[in-house]
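Visitor: Hi, I'd like to talk through a structure with you. Could you put it up and start with the term we'll need for charged pairs?

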Amino acid sequence: MSLKPLRIVLLGAPGAGKGTQTSRLLKAIPQLSSISTGDLLRNEIAKKSEIGSVASKYIADGKLLPDLFMAQLVTNELRQRNWLNRDASFLLDGFPRTANQAEKLDSELESNQANVNLVVELDVPPSVILDRISNRWVHSSGRVYNLQYNPPKVPFKDDVTGEPLFQRPDDNPETFKVRLDSYFKELAPLKQFYIKKGVYDKVSGDTSDIIFPKLLELIKKRFS
Ligand code: AMP
């Protein structure tokens, strides 16, 4: 499937399935590549870098890192990957998370004629999310499994590498609540920013299997 350049932001509560939808979209749309800020930060922590040492405290507490720090991190990443141009297609998973981050991203992209042209909110009921998070197991690559809906072929082992899966330390109930509250607090102004830009849309559903075909259809309709 060949589409016009598409620059997508996925919004969604922690556990709404941004990572899962991202992997499925990357398979369905070969021209698409993604940046997940959560994965980026976790890699920095694993590398024990300076960025990682700043990030680890915030992540452990379920708090958002400062906007300027995040905006610089993502801008550097976009530049390194050569995505700051009008022909680039990319998907951002987990960034921006605040209206302030969105403004900073927008001014950087605008000056490179590479504006975000679709923002999709993954709308999953909080009760479903809470249930889902207790079944979430991940691999260090960022691959995500759900013991109920999307189990690994061998229990607790990654399908690709066979390495052990683990539960994210910030998926514990207390930290998760902080993350969920912060998502809903930031969502309204963030959403408003993109509604004004005319690029916001929303896909609702209880499972990734319900959401994915709707999301793909939305993208095909706009970018074919
Ligand atoms: P995620 O894997 O997307 O749930 O992100 C894990 C954690 O990384 C979040 O709870 C935040 O502490 C941090 N983080 C990721 N993306 C951002 C962002 N755009 N702004 C601030 N903090 C972020």
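Guide: Happy to! A salt bridge here is a side-chain nitrogen of Lys or Arg within 4 Å of a carboxyl oxygen of Asp or Glu. Keep in mind that this is a predicted model. By that definition, Glu108 and Arg79 form a salt bridge, at 3.1 Å from N to O.

Visitor: Where do Glu108 and Arg79 sit in the chain?

Guide: Glu108 is in helix α5 (residues 99–110) and Arg79 in helix α4 (residues 67–80), 29 residues apart, so the pair links distant parts of the chain. Glu108 is partly exposed at 22% relative accessible area, and Arg79 is partly exposed too, at 48%.

Visitor: Is Lys57 buried or exposed?

Guide: Lys57 counts as exposed, because its relative accessibility of 54% is over the 50% cut-off.

Visitor: Switching to the ligand: which residues come nearest?

Guide: Of the 15 residues around the ligand, Thr37, Lys63, Gly94, Arg97 and Gln101 do. Helix α2 (residues 37–47) contributes the most to the shell, with four residues.

Visitor: And what polar side-chain atoms lie by the ligand's nitrogen or oxygen atoms?

Guide: Arg97 has one 2.9 Å from a ligand nitrogen, and Arg179 has one 3.2 Å from a ligand oxygen. Overall, the protein covers 96% of the 480 Å² of accessible area that the ligand has on its own.

Technical notes:
Residues are numbered from 1 along each chain as its sequence is written. This is a predicted model: local features need pLDDT of at least 70, side-chain atom pairs count only at pLDDT 80 or more; totals for chains, interfaces and linings use all residues. Side-chain values use heavy atoms; hydrogens and water are left out. A residue is near a molecule or strand if one of its heavy atoms lies within 4 Å of it. A polar contact is a pair of N or O atoms within 3.5 Å; within protein, one must be able to donate a hydrogen and the other to accept it, and residues adjacent in sequence count only if both atoms are side-chain atoms. Accessible areas come from the Shrake-Rupley method with a 1.4 Å probe; for residues, only the protein chains shown count as cover. Helices (H or I, at least four residues) and strands (E, at least two) are DSSP runs, numbered from the N terminus. Buried means under 20% relative accessible area, exposed over 50%, partly exposed in between (1.4 Å probe, protein chains only).
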